[in-house]
Amino acid sequence: MPCERKPMRYGHSEGHTEVCFDDSGKFIVTCGNDGDVRIWESLDDDDPKFITVGEKAYSLALKNGKLVTASSNNTVQIHTFPDGDPDGILTRFTTNATHVTFNSSGSKVAAGSSDFMVKVVEVSDSSRQKTLRGHEAPVLSVSFDPKDDFLASASCDGSVVVWNIEEQTQVISWPLLQKTNDVSNAKSLCRLAFQPAATKFLAVPVETKVHLYERGSWDHVSTLSDDLLSQPINVVTWSPCGRFLAAGCVGGLLAVWDVDSKLCVERQKHEKGFTVCGLAWHPSGSQIAYTDTEGCLGLLDGLSTSTPDTTNTNKQAPAKKLPKDYDDLFDDDDERPMDEGLSDTHSPAKKPVAREDEDEDEDFLIPSTGRVRNRGVILDDENSLDAGSLKLGQNKFDDDDDDAGSAVVPAARPPAAPRPVYEGPLPTPPQKAFQPGSTPAHLTHRFMMWNSVGIVRGYNDEQDNAIDVEFHDTAVHHAMHLTNSLGHTMADLSVEAVLLACPGTDELASKLQCLHFSSWDTNKEWMVDLPKGEDAKALCLGQGWAAVATSALMLRLFSIGGVQKEVFSLPGPVVCMAGHGEQLLVVYHRATGFDGEQALGVQLLQFSRRKTQLINGEPLPLSHKSHLSWLGFSAEGTPCYVDSEGVVRMLNRSLGNTWTPVCNTRETCKSKSDHYWVVGVHENPQQLRCIPCKGSRYPPTLPRPAVAILPFKLPLCQTTTEKGQMEEQFWRSVLFHNHYSFLSSSGYDVSEEAQNQSQKEQQELLMKMFALSCKLEREFRCVELAELMTQNVVTLAIRYASRSRRMALAQRLSEIALEKANQIQEEEPEEQEEEPDYSSIRRTPGYRQAELSGGRHRSRHHQEEEEEEQREEEPGEEEEDGGDEMEAEEATEAKKRVNPFAKEAGSPVKPSLTPIGKAGRANPFKVSGSGKASSSSGQPRVTNILDNMTASRKPAPLSGSAGRPSKTPVLKPLAPRPKTKTQSTLLQMASSKAANKKTQENTEPAADQQKQPDPSAPAPAPAPPAEETENQRPKTGFQLWLEENRKGIMADKPDLEETGVIREAMSRFRTLSAEERLTWTERVKGPAGEAELKKRKRAEGGGGGGAEEETAEADENSAKKKKSLDPSSKLSAFAFNKN
């Protein structure tokens, strides 16, 4: 292939320069670092036309009179050619585009960018574009498949990927290149290229060779190489006929291969040895234009790519023709210093190889050097053949059998039968192990860990190889600067320690290093060498322990001080791990995924006193064709993870350890190329803490990224409607408060107030949904909602249903209320037995103090709720007349979160708030020495007292006398616990103002008396006068009945204790008819009761609907033997007071 290297000329300022020919071959077009595109009529053109496209031009492509350029203003622009008029912006990136190329027809442009994206844009309509995501570093080059099905791209993340353009998916990815963090640092631009005419191969420059991959099967079929290529190949390009491949190297070498024969048929050296960064064939195939990194333009002229296509049918053709062709190939090749061993005349004499059969081998000649030109052919695989086995100028191997002239000529192969092609799903490359909260390891400045404790940054550049540790709360520890002499690539951070690990090398073992900064001794650091051949792949820290997963599929546990603990095997290669308190979460590959899916498994272990495995190798659900991108725990200890599609999932312990999607970060992204990088999850308040990344998947270390907070939202249907919104809020509240039960069962302190608040919020939402369903006349749905309510909220629902004239619904709800009351009654004995055990659970000092004192069994929140309940317990008339007010308030409920059942400000009864002294409120459930139970309920029920009372065999310190043993068994309220929160009874509609006022008057002096501290008690306790004050007069019909019938009960059952007497009395009192019980109640009320009866008659005389409702409810009560609420336990879970 004779050719002439023309002298180079200055084209652009120093820096990356690219070149191409126009369609006709009339112009050479270049772009460079000066931001100009120059149009040369020939190499000697001293006044080329130029178009300024920006401050810098990174790449250009030209077809069909359209010139496309990638410039420094992050755009891909179009200009007309050759006029150079601007024709609009094709697409934009968040950083500069690095390479642009046309497809074969010129209808589409592909562009790769430093923001890791590849875009394919229609030239005629730039709004029609496809974005290919998946690279983890800047894109080096892109190339269209001539049939427009595929696109190949190379990236600084080390991968070469083939994409299916239509489906925007990766077909295959090869890890071929060295990883870097930027195009400017890449050893090679890796300008890959598809073969134009035959469309059989994809050529990829890899180090000093060119790999050829077969289109379709994507098998690596052969390698083109040459002995003289000692530096990486930067760019490759095919001749227009598709038979020859030219390559330009970093050291300035240019080489041309005949792809059929795998022979290097042309070599040229850059005159100054500069890196070749642009290469283009003339459309005729006779010239190659090239540019270097100094901005110069050169030309190889006189290339001959048209060789006669000699086939086997043409064997009788004159034998001298091929040697002539052979001369053409190497004619001008001999005056260069790189051709060693040539004859002195510089025109190599050709001598035939020793042979037996003249006819067959006459055309097989080699130069007089005695060796074939291509010194670099290496038999890489079964498809690479030695030069001796090829006939130059022929497209096919010689089929004749006996070739004694050369031992390396193989016997001709018969045409192979087409082998069956596998067309099933393709396996997905398994995801590599990573540390959650870290950025890729190939970056020079990176986050090694960002979590709720702090940030670990790694620096690895010319000046420094170091690790910086910074704490969000400097009270934990001051910032640290560590030299990274061991080359640590993994880190984790907790409030106790920093854990680091480095991979092993041939000489050194993989090391685990821990800086235990919270240690009280002077040695705060320890290090462990892993066994030879075993590399750390993932690590994490928990409370008092550290874990490392290794390449040997093992998980090793250490104490925080460096004691080796348990070791166990993992079912597959680890992907990542996370630790929190006593919990360890491990995700690993359980199998090979197919069609872009990852098959991951998850294990959750708990290292409490009894080490347990909570999740045993269940499959980890991921979005379609996505991979895991973050794994961790919420601040409250619930496992969570995020996939590459931005879906956040959280463990739902109450639904058999299933995973619930709680947020989709992609919904809040403005652009497809934007992402959120998650750093933490909080359940209370509900916050997803993450860093917005514009145009990339992870943030840069500088400037310090700002953390954004995203809300959670369950993917329920129709969340735009009021019903859908309330359903979403309710189930989200349920899910996000599951951690309370887990923490309390694990022995942690739980905020009673927050727990009560969450339950109140849920019941409030249920009541709103109930009201909405009533308005929509969905009574069956109302009953379904009532099943989820607590008993006292069902009571409110009954009241609401009655006022809405839905008697059938009220009847069904009353059955549900009865069931719930019975359930509570059944649970009560179990709870009383369990109670002593709870004293062993760790509690806050305040909780323990309150429990010992016996005075403050309720938190302040609880007391406020009870006061609110007393305020709500209004006379029957108020309840009847207040229906309209209630309905009006229901209408404004959505706007204001107020109690829809509270009385208006103008209510005639102004309840006086009981002052809360040191000893808390008077105990309305106190039993005096005479055994009379005090209660303020209109009508009692079996569980009225027992719901809130503990067994008499309770330990002495918990009794009311603050540590002094009591001779008579005294009934006391249980310490507040989540279970008992929901206990209550049906509302009694017929309570009166007078009784209510009396209750308040009596409790007020009681509280005042309780203010006087008892010096003998460890904490203030109620004084005996309070009991007398409370019990000066029985407050309920039941108590009156009990006084008169106590002797009869004691006579029947003399062996009963006080608790037993009360139980027996309750069961007997329930057998009375409703009228008899009402009579006892009226006897208690005295004159006020008579006034109430008159009001009742007046209401009946007026024919008011309220009286009918009342009667209906009274009938229900008698039929079902309902139990009613006493004011202090009613609505304890549904107090809407906002004070």
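Here is a quick tour of this protein chain, from its overall make-up to a few spots worth a look.

What you have is a predicted model, where local features need pLDDT of at least 70, side-chain atom pairs count only at pLDDT 80 or more, and totals for chains, interfaces and linings use all residues. Residues are numbered from 1 along each chain as its sequence is written, and side-chain values use heavy atoms, with hydrogens and water left out.

**The big picture**
- The protein chain has 20 helices and 53 strands, which are DSSP runs (H or I, at least four residues, for helices; E, at least two, for strands) numbered from the N terminus.
- Of its 1139 residues, 54% count as buried, meaning under 20% relative accessible area with a 1.4 Å probe, protein chains only.
- Take the contacts (heavy atoms within 4.5 Å) between residues at least 6 apart in sequence: 55% of them join residues at least 24 apart.

**Confidence**
- Average pLDDT (the predictor's confidence in each residue, from 0 to 100) is 75, and 67% of the residues score at least 70.
- Residues 928-1031 stay under 50, and the model has 274 contacts beyond four places in sequence for them.
- Residues 1102-1139 also stay under 50, with 118 such contacts.

**Nonpolar cores**
- A nonpolar core is a set of buried Ala, Val, Leu, Ile, Met, Phe, Trp, Tyr and Cys residues joined through side-chain atoms within 4.5 Å.
- The largest one has 27 residues, and M767, F770, M789, L809 and L813 have the most contacts inside it.
- Two or more residues each come from α3 (722-736), α5 (752-775), α6 (779-788), α7 (791-803) and α8 (807-838), and α5 gives the most, with eight.
- Setting aside neighbours within four places in sequence, L809 touches F770, C774, E779, C782, V783 and A801.
- A second, separate core has 19 residues, including A193, V236, L253 and C264.

**Helix α4**
- In α4 (residues 738-745), the buried residues are N738, H739, Y740, F742 and L743.
- Those residues pack against β44 (583-589), β45 (600-607), β49 (647-652), α3 and α5.
- After α4 comes G747, with a positive phi near 90°.

**Where α16 meets α18**
- α16 (residues 1037-1052) and α18 (residues 1074-1085) pack at about 95°, with their axes 7 Å apart.
- The two helices are therefore roughly perpendicular, a label for angles of 65 to 115 degrees.
- On the α16 side, G1037, L1040, W1041 and E1044 meet W1080, T1081, R1083 and V1084 of α18.

How values were computed:
Buried < 20%, exposed > 50% of the residue type's maximum accessible area, 1.4 Å probe, protein only. Axes fitted to C-alpha atoms, helices over the stretch in contact; angles between N-to-C directions. Parallel < 35°, antiparallel > 145°, perpendicular 65-115°, else oblique.
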